[in-house]
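Visitor: I would like to go through the aromatic ring pairs in this model. Please show me the sequence and the structure.

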Amino acid sequence: RQFRYNLLAPLGLECTVPRRNEKSFTEWWRQANKKVVNTQRKGFNSMVILGSWTLRLHRNGGAFDGATPSLAKAQHSFKEELSLWCFAGARKLQKLVFGCGEVLV
């Protein structure tokens, strides 16, 4: 939850952050998607996918090399990958991240 809050709050999307009592990732995503304005939806979905992928890689990577999971390391990995996605042409993600007045990268 903290990871998603740190990514979504600076974009003005605090209302989409998972609550403590969320039981299902899929249900959270479906509900959060409804709260995002249509012009930001593709960028938001890209951000959720990228964030989920980052957490999975971070968690699985730590399981194999004995490293302790770290919120700071996961956020750093996310920001690096986000900049690559934007550089590669993820236009809706670029617009969401750079069009909000807050630069995450």
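Visitor: Which helix holds both Phe-25 and Trp-28?

Guide: In this predicted model, Phe-25 and Trp-28 are three residues apart, about one turn of the helix. The helix in which both lie spans residues 25-35 and is H2.

Visitor: Is the pair of Phe-25 and Trp-28 stacked, edge-to-face or tilted?

Guide: The ring centres of Phe-25 and Trp-28 are 5.6 Å apart, with 45° between the planes. Stacked needs under 30 degrees and edge-to-face over 60. The Phe-25 and Trp-28 pair is therefore tilted.

Visitor: Which residue joins Phe-25 and Trp-28 in a cluster?

Guide: Ring pairs link Phe-25 and Trp-28 with one further residue.

Visitor: What is the geometry of the pair formed by Phe-3 and Phe-78?

Guide: The ring centres of Phe-3 and Phe-78 are 6.0 Å apart. Their planes meet at 90°, so the pair is edge-to-face.

Visitor: How many residues apart in sequence are the parts that Phe-3 and Phe-78 tie together?

Guide: Phe-3 is buried at 4% relative accessibility, and Phe-78 is buried at 0%. Phe-3 lies in helix H1 (residues 2-8) and Phe-78 in helix H4 (residues 71-87). The separation in sequence is therefore 75 residues.

Conventions:
Residues are numbered from 1 along each chain as its sequence is written. This is a predicted model: local features need pLDDT of at least 70, side-chain atom pairs count only at pLDDT 80 or more; totals for chains, interfaces and linings use all residues. Side-chain values use heavy atoms; hydrogens and water are left out. Rings of Phe, Tyr and Trp (its six-membered ring) pair if their centres lie within 6.5 Å; planes under 30 degrees apart count as stacked, over 60 as edge-to-face and the rest as tilted. Helices (H or I, at least four residues) and strands (E, at least two) are DSSP runs, numbered from the N terminus. Buried means under 20% relative accessible area, exposed over 50%, partly exposed in between (1.4 Å probe, protein chains only).
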